[in-house]
Amino acid sequence: MPEPDFALIGLEILSDCRNRLYMSMPYLDQALFALSPQPGDGITVSFATDGEKIYYNGMHLSDMYLRSPSNVNRLFLHTLLHCMFRHLGKKRGHDGELWDAACDAAVESVIDGLPYECLNQSSAPARQKFYGECLEEMKVLTAEGIYRKLKKDRVDGFELAKLQRLFLYDDHGLWDMDGQDSSQSADLDEKWKDIASKVQTKMETALSEEANGGEAVLEQVRISARNDVDYRAFLRRFAARKEIVRTDPDSFDYIYYIYGLRRYGNMPLIEFSETKEEKRIEDLVIAIDTSMSTSGSLVREFLSCTYSILRSTETFTDRFNIHIIQCDNEVRSDTVIQTTEQLKHYMENVSLCGGSATDFRPVFDHITGLRKKGEFGSLRGLIYFTDGMGIYPHRKPDYEVAFVLLEEPPLSFRMPAWCRKIVLDIPALDRISEIDDDWLDLNEELPEL
């Protein structure tokens with residue numbers, strides 16, 4: 001009797017798995033066929049992926065399918081969601097084992113919340129306990145958020161092994177992209193970002209017609225499909241053009257200068273311009289949400305990042321006017337900063353006050369009062385650091401407003417259409433804080449908000 005062809009059997013199982021998942025989640029159609037099946041006998045478990053192909057161990061897959069077809073469906077979806085949430089490209093720079101565990105937990109939390117018959121819905125109490133602990137610190141269970149928690153909790157080898165037993169399904173060995181060139185890795189990440197964006201559009205349409213249980217997937221897809229934000233470039237948008245006393249060699253014509261020297265004997269026809277037009281920040285408001293839902297450590301990290309950018313001598317005029325406002329459901333403090341020394345002193349001695357519910361309206365009312373008193377010459381805008389959950393004004397003010405968040409708010413919460421939302425993450429803030437201030441070039445042209 002000939003030995004079974006496990007490669008062919010595995011391919012048929014994958015085809016069946018895709019069909020079952022598509023019947024339950026048709027909005028995943030493009031993602032389901034984005035990975036080319038490839039036999040991989042060296043795979044220690046049933047599946048592995050490098051973002052281009054899905055490698056399967058036919059013998060393991062056959063054995064799993066005989067015991068429970070729904071477990072195979074779940075495994076395939078688990079691997080697919082890793083790609084859709086762009087976990088592969090984000091592994092670089094993280095602790096490998098902790099990142100793998102965080103990604104597995106994030107993906108499994110989504111699958112555990114899906115009400116489809118094609119998926120095995122048995123969820124161990126230990127899993128639910130872990131999800132609950134994470135939800136105390138974050139609104140959406142993302143890999144980045146879970147990774148921060150594991151790092152903060154200083155998870156040891158024993159605890160990490162427990163998490164792996166709870167959530168480990170596929171092989172992450174092909175996620176190590178150190179051997180790839182940067183362009184190849186970027187192309188792969190862009191591919192899945194594009195797929196996530198298209199899935200997001202389809203899901204938003206489907207969920208608007210009927211709530212079919214895919215909200216957890218959509219929350220994660222929204223995060224993976226969003227555009228990365230350069231916070232340094234974003235801050236430049238709040239700078240206005242201003243003439244300053246400084247020679248401007250860029251506008252100087254050396255032809256007339258040299259011609260005068262030759263023609264009239266050390267008598268130039270023109271001189272350097274004594275003023276130069278640059279983009280500088282003069283008036284700005286930074287508001288900080290100090291409600292119970294906003295962590296004090298994250299607030300300080302945001303302020304530290306913002307300070308590291310704004311302290312550049314090219315950012316401000318000699319004297320500027322920044323109001324740093326702390327507010328929960330009412331304005332708790334308003335500190336006026338006019339020099340870089342004052343900004344540094346505030347950063348070193350900042351103490352947060354508040355702790356009630358979030359209401360954004362008092363800050364806007366306070367700014368209106370300040371403008372009536374003539375506190376601002378040319379207010380460019382307001383940067384509001386918050387979790388995004390609170391009571392908003394009904395109308396957009398006549399100055400630019402940006403709400404800076406460290407994670408997406410839950411899908412159930414809708415921010416007003418006029419809100420400008422900037423979502424950063426902790427690693428991005430850490431990298432920005434390490435950038436040399438001389439990197440900033442406020443004279444670069446940027447589109448208006």
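**Exercise 1. Are Phe360 and Phe403 buried or exposed?**

Solution. Phe360 is buried, and Phe403 is buried too. Here, buried stands for under 20% relative accessible area, exposed for over 50%, and partly exposed for in between (1.4 Å probe, protein chains only). Keep in mind that this is a predicted model, where local features need pLDDT of at least 70, side-chain atom pairs count only at pLDDT 80 or more, and totals for chains, interfaces and linings use all residues. Residues are numbered from 1 along each chain as its sequence is written, and side-chain values use heavy atoms, leaving out hydrogens and water.

**Exercise 2. Classify the aromatic pair that Tyr384 and Phe403 form.**

Solution. Start with the rule: rings of Phe, Tyr and Trp (its six-membered ring) pair if their centres lie within 6.5 Å, and planes under 30 degrees apart count as stacked, over 60 as edge-to-face and the rest as tilted. Next, take the numbers for Tyr384 and Phe403: 5.7 Å centre to centre and 20 degrees between the planes. That makes the pair stacked. Now place the residues: Tyr384 lies in strand E8 (residues 379-385) and Phe403 in strand E9, so the pair ties together parts 19 residues apart in sequence. Strands (E, at least two residues) and helices (H or I, at least four) are DSSP runs, numbered from the N terminus.

**Exercise 3. Which residues form one aromatic cluster with Phe403?**

Solution. The cluster is made of Phe360, Phe364, Tyr384, Tyr392, Phe403 and Trp418.

**Exercise 4. How do helix H5 and helix H6 pack?**

Solution. First, get the geometry: H5 (residues 96-112) and H6 (residues 125-135) meet at an angle of about 110 degrees, and their axes are 11 Å apart. Axes are lines fitted to C-alpha atoms, for helices over the stretch in contact, with angles running from 0 to 180 degrees between N-to-C directions. Then name the arrangement: H5 and H6 are therefore roughly perpendicular (65 to 115 degrees; under 35 is roughly parallel, over 145 roughly antiparallel, the rest oblique). Finally, list who touches whom, with contact meaning heavy atoms within 4.5 Å: H5 brings Ala105, Glu108, Ser109 and Asp112, while H6 brings Arg127, Gln128, Phe130 and Tyr131.
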